[in-house]
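Open the model in a viewer and keep the sequence panel beside it. The stops below say what to select and what is found there.

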Amino acid sequence: MRRITISVEDDLADAFDQLVAVKAYVNRSEAFRDLVRKALDEDVMQNNNHTQADCVASLSYVYNHHERQLASRVNQLQHAHHHVIITAQHVHLDHDHCMETVILKGKIAEVEECVNAISSQTGVTHAKVHIIPR
């Protein structure tokens with residue numbers, strides 16, 4: 001591991017130390033490494049060629065299972081994207097609503113295509129994706 005030294009203003013150092021404490025980091029170095037990783041991930045996602053990068057992702061969505069043919073449509077979409085879907089977890093929230101979380105792996109473009117296909121279905125009321133470039 002390589003050591004680097006940085007200099008920052010006192011106010012910034014104090015704010016960083018508060019962040020370290022609030023987030024329960026073991027030390028400043030781990031907090032700094034985490035911030036750098038996040039910045040690098042954001043850079044990959046904003047890069048024009050990011051769609052060909054590999055990623056892992058989770059998509060969670062809530063839907064009304066009474067919506068006409070929605071469960072069948074989503075199931076067909078999951079089968080159509082079987083090459084990027086690793087697993088899916090289904091949860092019954094109440095009499096009318098279900099939530100599914102799908103874990104995906106592949107090229108960002110393929111994962112985004114699957115995410116968009118599922119989350120845009122009529123009856124899907126909430127959808128949130130978290131993409132982690134690799």
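The model is predicted, so local features need pLDDT of at least 70 and side-chain atom pairs count only at pLDDT 80 or more, while totals for chains, interfaces and linings use all residues. Residues are numbered from 1 along each chain as its sequence is written, and side-chain values use heavy atoms, with hydrogens and water left out.

**Stop 1: the core**

Select Tyr61, Leu104 and Val111. Within the largest nonpolar core, which has 21 residues, these three touch the most other members. A nonpolar core here is a set of buried Ala, Val, Leu, Ile, Met, Phe, Trp, Tyr and Cys residues joined through side-chain atoms within 4.5 Å. Buried means under 20% relative accessible area, exposed means over 50%, and partly exposed is in between (1.4 Å probe, protein chains only). At least two residues of this core come from each of strand E1 (54-64), helix H3 (70-80), strand E3 (97-107), helix H4 (108-119) and strand E4 (124-133). H4 gives the most, with 6 residues. Helices (H or I, at least four residues) and strands (E, at least two) are DSSP runs, numbered from the N terminus. In soluble globular proteins, nonpolar side chains tend to be buried together.

**Stop 2: salt bridges**

The count of salt bridges is 5, where a salt bridge is a side-chain nitrogen of Lys or Arg within 4 Å of a carboxyl oxygen of Asp or Glu. Side chains of opposite charge can pair when their charged atoms come close.

Select aspartate 17 and arginine 28. Their side chains meet in a salt bridge at 2.6 Å, N to O. This pair links distant parts of the chain, with aspartate 17 in helix H1 and arginine 28 in helix H2 (residues 28-46), 11 residues apart. Aspartate 17 is partly exposed, at 28% relative accessibility.

Stay on H2 and select glutamate 30. Which arginine forms a salt bridge with glutamate 30 at 2.9 Å, N to O? One partner is arginine 33; the two residues are 3 apart in helix H2 and therefore separated by about one helical turn. Glutamate 30 also forms a salt bridge with arginine 37, where the closest N and O atoms are 2.9 Å apart. Shared partners join Glu30, Arg33 and Arg37 into one network. The relative accessible areas are 27% for glutamate 30, 28% for arginine 33 and 40% for arginine 37. Each of these values counts as partly exposed.

**Stop 3: surface patches**

Switch to a surface view, and select Ile4, Ile6, Val8, Leu12, Phe32, Val36 and Leu40. These residues make a nonpolar surface patch of about 630 Å². Patches are made of residues with over 30% relative accessible area and no salt bridge; like charges are joined within 9 Å, and nonpolar side chains (Val, Leu, Ile, Met, Phe, Trp, Tyr) within 5 Å. Accessible areas come from the Shrake-Rupley method with a 1.4 Å probe, and for residues only the protein chains shown count as cover. H2 supplies the largest share of the nonpolar patch, 3 residues. Leucine 40 is found in H2 and is exposed, with a relative accessible area of 53%.

Next select Glu9, Asp10, Asp11 and Asp14, which form a negative surface patch. Lys and Arg count as positive and Asp and Glu as negative, whereas His and the chain ends are not counted. The place of a charge is taken as NZ of Lys, CZ of Arg, CG of Asp or CD of Glu. Glutamate 9 lies in the segment before helix H1 (10-22) and is exposed at 55% relative accessible area.

**Stop 4: single residues**

Select alanine 24, in the loop between H1 and H2. Its phi is near 60°, a positive value in a residue other than glycine. Alanine 24 is exposed, with a relative accessible area of 62%. Glutamine 69, in the loop between E1 and H3, likewise has a positive phi of about 60° and is not a glycine. Most residues other than glycine have a negative phi.

Is glycine 123 buried or exposed? Glycine 123 is buried, with a relative accessible area of 15%, and its place is in the loop between H4 and E4. The C-alpha atoms of glycine 123 and glutamine 69 are separated by 9.7 Å, with the residues 54 apart along the chain.

Finish at histidine 92 in strand E2 (residues 85-92). Histidine 92 is exposed, with a relative accessible area of 60%. Its C-alpha atom is separated by 9.7 Å from that of valine 62, 30 residues apart along the chain.
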